[in-house]
Amino acid sequence: MGFIDSNDFTVTCEKCGATENTRVVQRGSSFGAHWSDPPALLKFESVWDSEARFGPQLTSAKCRKCGIDAKVDEK
Ligand SMILES: [Zn+2]
């Protein structure tokens, strides 16, 4: 039970100031660990790389309101 690992991301639109946090978690045991599906974001259209070595990575996000690329920070 519980999380083995997690990836946290913060997305910020530098035009309108919208910001949103998101997380994917790895669950299970060392024998059967799997990553949760990347969540949909409310304020941003997100593009995930789910084949990444260390779990899903948020590769880019676009502000739904402004239609421009937002800044993605991994925590
Ligand atoms: Zn925006």
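Biologist: Which residues does Ala 70 touch, not counting residues up to four places away in sequence?
Modeller: Ala 70 touches Val 11, Thr 12, Cys 13, Phe 44, Ala 61, Lys 62 and Cys 63. Two residues are in contact if their C-beta atoms, placed from the backbone, lie within 7 Å. Bear in mind that this is a predicted model: local features need pLDDT of at least 70, side-chain atom pairs count only at pLDDT 80 or more, and totals for chains, interfaces and linings use all residues. Residues are numbered from 1 along each chain as its sequence is written.

Biologist: What's the mean pLDDT of the chain?
Modeller: The mean is 92, and 97% of the residues reach 70 or more. pLDDT is the predictor's confidence in each residue, from 0 to 100.

Biologist: Which element has the lowest mean pLDDT, and which the highest?
Modeller: S3 has the lowest, at 90, and strand S5 (residues 57–63) has the highest, at 97.

Biologist: How many helices and strands are there?
Modeller: The chain has zero helices and six strands. These are DSSP runs numbered from the N terminus: helices are H or I with at least four residues, strands are E with at least two.

Biologist: In what order do the strands of the open sheet come?
Modeller: The order is S3-S2-S1-S6, four strands with antiparallel pairing. Strands S3 (34–35) and S6 (71–74) are the edges, each pairing on one side only. Two strands count as paired if DSSP finds at least two bridges between them.

Biologist: How many bridges link S1 and S2?
Modeller: Nine, in the antiparallel sense, with S2 covering residues 19–27. The two strands form a hairpin with six residues between them, and Gly 17 in the turn has a positive phi of about 85 degrees.

Biologist: And how many bridges link S1 and S6?
Modeller: Four, again antiparallel, with S1 running over residues 3–12. Thr 12 stands opposite Lys 71 in S6. Phe 9 has a bridge partner in S6, Glu 74, and a bridge partner in S2, Thr 22.

Biologist: Switching topic, which residues make up the largest nonpolar core?
Modeller: Eight residues: Phe 9, Val 11, Cys 13, Phe 44, Leu 58, Ala 61, Cys 63 and Ala 70. S1 and S5 are the elements that give two or more residues to this core. S5 gives the largest share, three residues. A nonpolar core is a set of buried Ala, Val, Leu, Ile, Met, Phe, Trp, Tyr and Cys residues joined through C-beta atoms within 7 Å.

Biologist: What share of the chain is buried?
Modeller: Buried residues make up 19% of the 75 residues. A residue is buried if 20 or more other C-beta atoms lie within 10 Å of its own, exposed if 12 or fewer, and partly exposed in between, with C-beta atoms placed from the backbone.

Biologist: Why is Ile 4 classed as partly exposed?
Modeller: Because Ile 4 has 14 other C-beta atoms within 10 Å. Ile 4 is in strand S1. Leaving aside neighbours within four places in sequence, Ile 4 is in contact with Gln 26, Arg 27, Gly 28 and Ala 33.

Biologist: Last one: what box do the C-alpha atoms fill?
Modeller: Roughly 45 × 20 × 15 Å, taken along the principal axes.
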